[in-house]
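Please look over the structure shown here before reading on.

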Amino acid sequence: MEFLNKGVIVTGGNHGIGKQICLDYLAAGATVCMVDSNEELDQYLKCEKLFFYNGDVANKEVLVSFIQFCKEKLETIDILINNACVGSKGILSDCSYEMFDRTLAIGLKAPYELSRLCKEELIKNKGKIVNIASSRAFQSQKDGEAYASAKGGIVALTHALSNSLSPYVQVNAIAPGWIDVEETEVFDCLDEQSIPVGRVGKPKDISEAVLFITSQKASFLTGETIVIDGGMSKQMIYHNDEGWLFQGK
């Protein structure tokens with residue numbers, strides 16, 4: 001009953017991890033305001049305790065309007081979940097300045113601005129902020145500079161905000177690894193065996209962690225980024241070790 005009638009804001013909540021976060025908070029009794037650029041609300045989210053705002057969080061005016069919408073719909077703002085981001089390519093595929101900037105606008109600038117716009121409410125209510133980062137903040141594949149930069153930035157923003165808003169607001173991040181965001185992919189058994197826990201992650205793996213770190217059970221946790229990747233980033237890999245073969249550049 002801890003989340004009963006709590007006011008929760010979620011960005012990018014119409015699919016994948018964001019949708020599961022919305023569903024879990026709704027099931028726990030919270031009221032949710034969600035923003036997404038997809039105009040059609042997912043059928044599973046249609047309920048009287050979820051309020052949907054259609055807009056692009058890369059746009060500053062949308063952020064201001066969305067928070068005004070939240071203040072009208074929610075009795076209180078207790079939790080902010082900065083989930084929205086977009087993937088884009090990088091330097092090898094000639095990711096332009098504008099493409100790079102859009103990724104940062106959605107994945108880094110919007111979380112800062114939403115935190116700023118909600119600051120007074122969150123301080124008053126001893127609220128929580130959770131930023132959805134990525135294991136790409138710490139390790140990369142080729143041609144992913146824009147997304148990795150946004151996710152690396154959100155890790156730094158998390159610990160910076162946790163200090164600025166202490167002791168009133170707890171700010172943490174979760175860095176998912178490989179997640180089947182729509183739970184529709186079919187994986188080769190070797191894909192799953194390459195992950196120490198033996199499977200690809202699901203949105204529920206992330207949403208349950210989000211609810212935990214916004215609960216009183218995590219009242220001593222702030223400024224942290226928790227990696228949830230099935231142990232993938234902790235596995236050392238060498239050529240010809242346990243069947244791994246490096247193909248060369």
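## The cavity

Thr 11, Val 57, Asn 82, Asn 83, Ala 84, Ile 106, Ala 110, Pro 111 and Leu 114 form the lining of the largest cavity. This description, like the rest of the report, rests on a predicted model. The volume of the largest cavity is about 30 Å³, and the structure holds one cavity of 30 Å³ or more.

Sorted by class, the residues that line the largest cavity comprise six nonpolar, three polar and no charged. Helix H3 gives the largest share of this lining, with four residues.

## The sheet

Strands of a sheet pair through backbone hydrogen bonds, and such pairing may be either parallel or antiparallel. In this model there is an open sheet of seven strands with parallel pairing, and the order of its strands is S3-S2-S1-S4-S5-S6-S7. At the edges lie strand S3 (50–54) and strand S7 (225–228), each of which pairs on one side only. From one strand to the next, the twist averages 15°.

How much space lies in the largest pocket? The largest pocket holds about 1,500 Å³, and among the 50 residues that line it, Ser 134, Ser 135, Arg 136, Tyr 147 and Gly 177 are the closest to its centre. Two or more residues of this lining are given by each of helix H1 (16–27), strand S2 (31–36), helix H3 (97–124) and helix H4 (145–164). By class, the lining of the largest pocket has 21 nonpolar, 21 polar and eight charged residues.

The second largest pocket contains about 180 Å³ of space, and the residues that line it are Leu 190, Gln 193, Ser 194, Gln 235, Glu 242, Gly 243 and Trp 244. In the lining of the second largest pocket, two residues are nonpolar, four are polar and one is charged.

Key
Residues are numbered from 1 along each chain as its sequence is written. This is a predicted model: local features need pLDDT of at least 70, side-chain atom pairs count only at pLDDT 80 or more; totals for chains, interfaces and linings use all residues. Side-chain values use heavy atoms; hydrogens and water are left out. On a 1 Å grid over the protein atoms alone, a cavity is a set of points where a 1.4 Å probe fits but cannot get out, and a pocket is an open set with protein on both sides within 12 Å along at least five of seven lines; lining residues have an atom within 4 Å of a point. Grid points are joined across faces, edges and corners, and a volume is the space filled by probe spheres set on the points. Ala, Val, Leu, Ile, Met, Phe, Trp, Tyr, Cys and Pro count as nonpolar, Asp, Glu, Lys and Arg as charged, and the others, Gly among them, as polar. Two strands pair if DSSP finds at least two bridges between them. Axes are lines fitted to C-alpha atoms, for helices over the stretch in contact, and angles run from 0 to 180 degrees between N-to-C directions.
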